[in-house]
Amino acid sequence: MSERNYLRNLQRTPSPRVVFSCDAELDEIVKNCVVRKLALVFCQLIATYGVGNKFVTSITYEHAQLLNCDTGKRANLPGPAMFHVCERKEDFVYFAQTLVQQNQKFENVNFVGADRSAALKGFLQPLKGTVLVPCTKHVRDNIELQLNSLRIEDEEKKNIISDIFGDHVNCKKGLIDSESVSDFHDKLEILRDKWCSVEKGSKFFNYFQIHISNDM
């Protein structure tokens with residue numbers, strides 16, 4: 001298939017879906033996210049736009065040799081996209097399988113950055129040993145939603161968020177800055193009594209342990 005032909009694996013059943021990608025684009029992703037010794041995080045952004053029952057899921061990746069002159073950060077470039085009408089696990093398995101069929105080395109991507117939806121995790125299924133790196137914003141949104149449901153007061157909620165994600169203004173580090181798994185669990189254990197006293201219960205701490213700690 002020519003590089004100029006971006007249409008990949010068009011399917012009408014079990015539901016309409018198609019992947020748009022080119023060979024040169026996937027080669028760049030492999031070069032930056034697989035081949036390098038310190039492979040960069042390969043970010044899969046869930047950019048879905050509902051037009052009736054239609055969705056677009058697009059992918060971006062960091063390029064090691066293209067830097068922003070102002071910030072010094074690596075450029076984030078657009079990659080393949082999937083057009084689909086369902087958001088099931090099977091659709092994201094199909095997305096990754098299509099890319100692996102196009103370039104076998106894609107299955108060795110080290111990291112995929114994404115949200116924490118169960119359906120999206122299907123994208124990892126055709127890959128080998130790929131680690132899901134949850135999007136910090138989505139994790140934070142989930143935590144804030146839980147704190148709101150428990151009716152934690154705003155000031156206390158702010159303190160808990162600071163305990164987890166740190167406070168850059170006041171140079172405070174959070175759980176997210178832990179240097180190892182054991183360091184993370186030691187810090188979490190210290191926070192147990194603080195959080196439980198704020199809530200006068202352990203619902204948030206239990207929620208955090210079950211639904212958040214492993215991803216962090």
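Trainee: Which strands make up the open sheet, and in what order?
Mentor: Two strands pair if DSSP finds at least two bridges between them. Strands are DSSP runs of E with at least two residues, helices are runs of H or I with at least four, and both are numbered from the N terminus. Here, an open sheet of four strands has the order β1-β2-β5-β4, with antiparallel pairing. Its edge strands are β1 (7–11) and β4 (55–67), each pairing on one side only. Neighbouring strands are turned by 20 degrees against each other on average, direction ignored. Such axes are lines fitted to C-alpha atoms, for helices over the stretch in contact, and angles run from 0 to 180 degrees between N-to-C directions.

Trainee: What should I know about the model itself?
Mentor: It is a predicted model: local features need pLDDT of at least 70, side-chain atom pairs count only at pLDDT 80 or more, and totals for chains, interfaces and linings use all residues. Residues are numbered from 1 along each chain as its sequence is written, while side-chain values use heavy atoms, leaving out hydrogens and water.

Trainee: Over how many bridges do β4 and β5 pair?
Mentor: Nine, in the antiparallel sense. Look for E62, which stands opposite N76 in β5.

Trainee: Which helix lies across the strands?
Mentor: Contact means heavy atoms within 4.5 Å. Helix α1 (residues 23–35) lies across β1, β2 (17–20), β4 and β5. It runs at about 55 degrees to β4.

Trainee: Is F83 buried, partly exposed or exposed, and where is it found?
Mentor: Buried means under 20% relative accessible area, exposed over 50%, partly exposed in between (1.4 Å probe, protein chains only). F83 is found in strand β5 (residues 74–84). Its relative accessible area is 39%, so F83 is partly exposed.

Trainee: Where is R151, and what is its phi?
Mentor: R151 is in the loop between α3 (136–149) and α4 (154–165). Its phi is near 60 degrees, a positive value in a residue other than glycine. R151 counts as exposed because its relative accessibility is 76%.

Trainee: And where does K200 lie?
Mentor: K200 lies in the loop between α5 (181–199) and α6 (203–212). Phi of K200 is near 60 degrees, again a positive value.
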